[in-house]
Amino acid sequence: MSRMFITGLGTARPRQRYTQKQCWEALQNSTQFETLQDRSRALLRKVLTGDNGIATRHLALDRLEDVFGPTPDSLHARFLQHAPALATQAAESALADSRQQPRDIDALLISTCTGYLCPGLTSYVSQRLGLRPDVLTLDLVGQGCGAAVPNLRAAEALLKAGPCRQVLSVCVEVCSAAFYLDDDPGVLISACLFGDGAGAAVLAGEARGKRRMEWKASGSLLDPKDRDLLRFEHQGGMLRNVLSLQVPAVAAGHAEHVLRRVLTETGRARPEIAGWVLHPGGRDVLLALGRRLGLSEHDLRWSAAVLREFGNLSSSSVYFVLQTALADSAPNGPWWLSSFGAGFSCHGALLEIEQ
């Protein structure tokens, strides 16, 4: 039976780093702020100045003022400029971590939901990396924050089917390419929570190096009846994030279902899980996950650390959490990795870690 190992891991984010306080100050000084209703201004103040688990975010903006008064063309230009660059940086880091060369990669899979290019990001990234011209490329779109695990599951299928021997998996999001302000609460909260970044992993059929990360089993849950709770829609030529108050509870319930099913299928028990790598969708999401899965602050510390430093990085978040956990000398044993997002969809994977 073929197996899959994560042999390299890498992340990237924009150089520019802004505190939530800086974002609030820029908002107050903008002419657009005055056009918002009183309740909208109060909501922005609450999220940006309160304890929402986020201290800073990395954004692909030379100045915070660039976020005001966007047009469809300016947002697309932001995605085109930064998405290929961030994806390439993360991929280069993952290749270096795996001690592999670009010519060794047989397939490139890239997930995103914050912009659209044709040809897709794989065309730009494969060229920048110098991948072989016969590399298999797949652009995966529309899965939102949950895209990382489906991307990795697709890599697993390619490795099992052959002839791919090494696959490069990338998730990249330029969330600031969907930032603007109006009186919709979902739009406002999204502008306060999301950051920009990319994550990448090299996958192979055999372990390499001192660190051993084996992909043991995975599962997914798709519940279309909850589709309208969390999704993007197009309005005025721009992406509008639909973000409902029910998201934390729904995400936690689906996460529990997927975890329970995979553990049952593999004959493992929940107390065996030594590490939790969970998508940090927000403070309320992590609190809901903790309550539903019976997790402590210690269990959630890596997700909370990523949220505090970077905000919600959408699909690339779990790469950052996994990297943070590995750097923290986390215990060996089975780890649980979970992502969830638009659809409403939820995904999970059981990893076996030896460092």
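This is a predicted model: local features need pLDDT of at least 70, side-chain atom pairs count only at pLDDT 80 or more; totals for chains, interfaces and linings use all residues.
Residues are numbered from 1 along each chain as its sequence is written, and side-chain values use heavy atoms, leaving out hydrogens and water.

**Exercise 1.** Find the helix that holds Arg 41, and decide whether Arg 41 is buried or exposed.

*Solution.* Start with the helix: Arg 41 lies in H2, residues 38-49. Helices here are DSSP runs of H or I with at least four residues, strands are runs of E with at least two, and both are numbered from the N terminus. Next, take the relative accessible area of Arg 41, which is 17%. Buried means under 20%, exposed over 50%, and partly exposed in between (1.4 Å probe, protein chains only), so Arg 41 is buried.

**Exercise 2.** Which residues does Arg 41 touch, not counting those up to four places away in sequence?

*Solution.* Look for contacts, meaning heavy atoms within 4.5 Å. With those sequence neighbours set aside, you will find Trp 24, Phe 33, Glu 34 and Leu 36.

**Exercise 3.** Now step back: how many helices and strands does the protein have, and what percentage of its residues is buried?

*Solution.* Count the elements first: there are 10 helices and 13 strands. Then turn to burial: buried residues make up 59% of the 355 residues. To finish, picture the outline: along the principal axes, the C-alpha atoms fill a box of roughly 60 × 45 × 35 Å.
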